[in-house]
4 protein chains.
Amino acid sequence: MDQPIGIAVVGAGYWGPNLVRNAQATPGLKLRYLCDLDVERARRVLGDYSTVRVSGSLDDVLADPAVDAVAIATPAATHLPVAMAALRAGKHVLVEKPLAAGYTEGLELVREAESRGLTLMLDHTFVYTPTVRHLRELVRGGEIGTVQYLDSVRVNLGLVQPDVDVLWDLAPHDLSIFDAILPDGVRVVRVSAHGSDPIGAGRACIGHLTLELSDGVLAHVHVNWLSPTKIRTMIVGGSRRTVVWDDLNVVQRVSVHDRGADVIEGDEARTQAIISYRRGDTVAPALPEREALRGVMAEFAASITEKRPPLTDGWSGLRVLAILEAASASLAAGGEFVTVRDVRPAEWEEAVA
Amino acid sequence: MDQPIGIAVVGAGYWGPNLVRNAQATPGLKLRYLCDLDVERARRVLGDYSTVRVSGSLDDVLADPAVDAVAIATPAATHLPVAMAALRAGKHVLVEKPLAAGYTEGLELVREAESRGLTLMLDHTFVYTPTVRHLRELVRGGEIGTVQYLDSVRVNLGLVQPDVDVLWDLAPHDLSIFDAILPDGVRVVRVSAHGSDPIGAGRACIGHLTLELSDGVLAHVHVNWLSPTKIRTMIVGGSRRTVVWDDLNVVQRVSVHDRGADVIEGDEARTQAIISYRRGDTVAPALPEREALRGVMAEFAASITEKRPPLTDGWSGLRVLAILEAASASLAAGGEFVTVRDVRPAEWEEAVA
Amino acid sequence: MDQPIGIAVVGAGYWGPNLVRNAQATPGLKLRYLCDLDVERARRVLGDYSTVRVSGSLDDVLADPAVDAVAIATPAATHLPVAMAALRAGKHVLVEKPLAAGYTEGLELVREAESRGLTLMLDHTFVYTPTVRHLRELVRGGEIGTVQYLDSVRVNLGLVQPDVDVLWDLAPHDLSIFDAILPDGVRVVRVSAHGSDPIGAGRACIGHLTLELSDGVLAHVHVNWLSPTKIRTMIVGGSRRTVVWDDLNVVQRVSVHDRGADVIEGDEARTQAIISYRRGDTVAPALPEREALRGVMAEFAASITEKRPPLTDGWSGLRVLAILEAASASLAAGGEFVTVRDVRPAEWEEAVA
Amino acid sequence: MDQPIGIAVVGAGYWGPNLVRNAQATPGLKLRYLCDLDVERARRVLGDYSTVRVSGSLDDVLADPAVDAVAIATPAATHLPVAMAALRAGKHVLVEKPLAAGYTEGLELVREAESRGLTLMLDHTFVYTPTVRHLRELVRGGEIGTVQYLDSVRVNLGLVQPDVDVLWDLAPHDLSIFDAILPDGVRVVRVSAHGSDPIGAGRACIGHLTLELSDGVLAHVHVNWLSPTKIRTMIVGGSRRTVVWDDLNVVQRVSVHDRGADVIEGDEARTQAIISYRRGDTVAPALPEREALRGVMAEFAASITEKRPPLTDGWSGLRVLAILEAASASLAAGGEFVTVRDVRPAEWEEAVA
């Protein structure tokens, strides 16, 4: 029998307890430690009935050979040092979004992991929901035809974060979903960002991103911490079908619509396009209800065991970071389009060279 | 008893029949003509049981002293000549949105009407729904506090118009609603517009407007002809309450939420704002179901009788036109902010001079 | 060219204006009169622009040879004399539900119409909605398999009727829909009715019907005048598919679910059934939005022209009446099951004799 | 400091794991054992990281003086022996619904607990949701006026239970909610039950209960295992307000409507009631999201510590059992009304004697 992968969770704050619970429930993983500078907090997270060890020292945890991997749920600003220490100790790393506080830091982590042959995985949780897995199949399998536009709305009364604006807090979800479902990942040429801070919080609480994808498709993301009602809707417009995902409609999250407008080519002289309208049926696929984070942990374990990149690898994290950085630059520049870095693995660069 | 106001409807196309029906049902109005170049079409609209006269000649209609007013439902490009002819013939005018094909043309109409002391009214239909009337009270009455942001979504599978893009087709609804509910009308300093034509229709089928209002408030409008599902949501964020209008929720269109985030002022040294969250009840006001166009006609009649400007007067039409023109310029310039004309009645200019 | 069918509408109350409007819009019909004892009310319904004649005398209207048919929208208690007079004058008859105040009276009308070869049609409006037409196809076409159960809820804050209880007021809608969609019409063996009058209105304001159909299927109807929210849901459970109709979900009224439980036959000795569960996709068929009453009028005209029974003929009206009478008897008897009359056309009785 | 209450969970099947999790998280409780005949199943429930002991012997568990209380999640048929053994061993008991397989058995448990001064509590989980707690306040606090009717719908594609029909499986939820919110508990005089087994499962899969409460109010419960869509709606009609609880509307579960019909008393001679209609606003109270079972455990601990009856005591369990037994009798008798036992504590009987 295979040895289970020993794992330590670092960070016992908001998200850490979820990692602890799911690490414990995932076959192939063996939770060794919950590590937090605040040892009491870590103890409270584990509760009175746990055999898992608590540690206040990252060094101690990384020194333990029974630890093969770490899952990091600390503030973004600490991702670089914590993850780098783990990689240098030879541990596989699962890290909360965003990968790091900036693109350059993120790239350091990716390169370190690649050079050591270690897994570096992003906890882009939504990507592991049954909904996004299905969306991915629909888009990549060609069932919706060519993607024509993307529109994502993620608004609710959310916590105004002390360190990041609403774009950095919420948009990683939308961007990582785009990244997962589009055939080549989310390849953005330019981004324009508008933001607003109507309550005087010191950072944007409402944000709008307009993304120009490399194939000319326009995507839009609306994130908002101030809305009294929760709206989580994504529309993936395709040439054959359009998918509407309404995450609050618990009995029918995903609807695949055979409805849309098509241009029928007229002769050259026509200046007016002839439009035809499809008004066909809607199909709501049966999807299981499954906790996404369970899938995250399973993929982390599988990618380590199978020595392959995980679905949400470091490069996906970099693509998201590159967009966020450009968005911040656009926001500062009053919404003008800012070019997004072209994120490509080294092999790709060598291959085309 | 007062004489009823004789009215002629010009244009028997998509919207004309609605004007005909509501003109007939409005006390104080007497429908004299339905006028259309296509006389047969006009006859079909009236049906086999009507005593209303049909005419193919605008001149004849305008020459009839029994006609006091005209309601114009012809293509936007014809609004200037048709409305100008009517005004010059001494008739009051109700005109479909937009007021005219451009700002300058619209201003001509406004000046002509003012100089002649005639009513010039825009058929901004949504303004006369029970919902917007209530919103107007909530906002102007101070119940929601200071407006902090506006967000409007108007998407569905709509007809791709042959002459205008989706911004000119749909956004006048959102802009005229903003104009009606904001205490000083919709005063926009700058507008940024992004658009997309993913089906190759020759004009934007998806549009996003970011409006910077004169008091710094940011408003956003998303219009879309290609969505398979209809979404019509407006959020009016206020410092005391936030209103969510979901027009498709027929049992509860308007919800007034006592939910939101407020910044509590800390001492000067604090760099972090202290945020408090309200999570109070939601109130859904009881609103009548009433046809908006009936209210349009009643207001038209009342403004003529009472010799006062209508709620949606020519200036409101001009404010909408000014924004649309700037939006088109921004769209052409790749989304950069474009300054919007300051629209003010002449008296105002004189008063401040 | 065929002569249009001359029609008179009798009754200018709540429903009459809808008949007037739709009769005027239906090809093949020519509206001759609106007849009401209250001539002023009739005039108001027609408005100031109509060429249709008003009459206060049913006799005069029936004496006019230009009148081929009458549509009756008077109180149920008057259906027998008004419809009988019309039939005896040789006119085709369209009558509001219920057909008459009781089964025996209804049967008189059916026999009179049959003996004279005249159309007698029920205005079971819902049957002519695109939704019920589609349901009818789904059920009769076998797509849902064998019908296993029916459940209908029709609740909202409704007018407490002065002459009938909630069962007689609302349940005819549900029963006529059952009648339209079931392959042999709604054949009920026994009915049990419970009712409640919590506000002291003098008649049941809340009612529950349990219907035992001739094939053993149980159907349930819940009607309620007192609910603050509107609920209009019908579930048609089938062995292959189950249809859920939510009439307030304007973007998706009908959902066809491939979800359900099936018993897999075990060997004889097993006392426990083995159940398997289907959890397949849901399909929402594209349905047009069309006014049902337009379809009622078109069917009335067609049945006259084609000399064939209409979809909702007198027998369907009798089947509904038979159930309502038994329901009233059950209500009076404290909810015990009461046998429902077997309603069959005379030819059928002769054929099996 | 007080000693924590030592607790053992008996039964590691469907519900047991939830009891284990919540017992561990409740201050004042100390989980000592998970007990199940299938020791391996119990171990799997606890997982690899738990310090909680597993036992296959109820006797051993009950013999341990560190165990003060047991929470029983075994099949209903075993509730009597398991709970009786626990009570006789001096342990407080929390038991899954229904209290026992029949009324007489349940009464034995209630008497045993009372004679020993031990807590006997029902896990009527829904009663501890924020929603039902709020409903209870609304009803008992008089805000909705006099209760006029109750209507509860609980339908979805559910597991066809091998040992009980849908009434015994699902209706305890509705009945225990009625019991919690009505000022004197759910006092039912008579019950009529209709059921249907359209798939041949060997027991009713669809059920309708009509309950005549002691104050004449009629309540209705619809439970259904076969519906493809989940519906969970309860209407509590009151003389001043009506509450609608839609449990699937996650953003607005509870709506308090100032809408309804009232009879205005006319003079004696009037045979027609004069009805007036209220059409006021709707209020959706802000409710926390909290796991109900946490509240169950907290109440169990508090009732033991404070030596007081819990909110859902044995008598509430008996009231539910009495209704279920009468419902089964009615079902067997074709739906006729069956009298429900009058359930009253002994003290009450002595007091009125």
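Trainee: In which loop of chain D does Asp64(D) lie?

Mentor: Quick ground rules: this is a predicted model, where local features need pLDDT of at least 70, side-chain atom pairs count only at pLDDT 80 or more, and totals for chains, interfaces and linings use all residues. Residues are numbered from 1 along each chain as its sequence is written, chains are lettered from A and ligands numbered from 1 in written order, and side-chain values use heavy atoms, leaving out hydrogens and water. Helices (DSSP H or I, at least four residues) and strands (E, at least two) are numbered from the N terminus. For Asp64(D), that gives the loop between α3 (58–63) and β4 (69–72).

Trainee: Is Asp64(D) buried or exposed?

Mentor: Buried means under 20% relative accessible area, exposed over 50%, and partly exposed in between, with a 1.4 Å probe and protein chains only. Asp64(D) has a relative accessible area of 16%, so it counts as buried.

Trainee: Which residues is Asp64(D) in contact with, leaving aside neighbours within four places in sequence?

Mentor: Contact here is heavy atoms within 4.5 Å. Separately, the Asp64(D) side chain reaches the backbone nitrogen of Ala66(D) at 2.7 Å. With those neighbours set aside, Asp64(D) touches Tyr33(D), Arg53(D) and Lys91(D).

Trainee: Over in chain B, is α1(B) parallel or oblique to α8(B)?

Mentor: The axes, lines fitted to C-alpha atoms over the stretch in contact, get angles from 0 to 180 degrees between N-to-C directions. For α1 (residues 16–25) and α8 (residues 292–305) of chain B, the axes come within 9 Å and cross at roughly 60 degrees. Under 35 is roughly parallel, over 145 roughly antiparallel, 65 to 115 roughly perpendicular and the rest oblique, so α1(B) versus α8(B) is oblique.

Trainee: Which residues in α8(B) does α1(B) meet?

Mentor: The α1(B) side brings Asn18(B), Leu19(B), Arg21(B), Asn22(B), Ala23(B) and Ala25(B). In α8(B), they meet Leu293(B), Arg294(B) and Met297(B).

Trainee: How many residues of helix α4 of chain C are buried?

Mentor: Helix α4(C) covers residues 79–88 and is mostly covered. Its buried residues include Leu80(C), Val82(C) and Met84(C), and the buried set packs against β1, α3, β4, β5 and α5 of chain C.

Trainee: Which residue with positive phi follows α4(C)?

Mentor: The phi there is near 85 degrees. The residue is Gly90(C).

Key
Polar contact = N/O pair within 3.5 Å; in protein donor to acceptor, adjacent residues only side chain to side chain.
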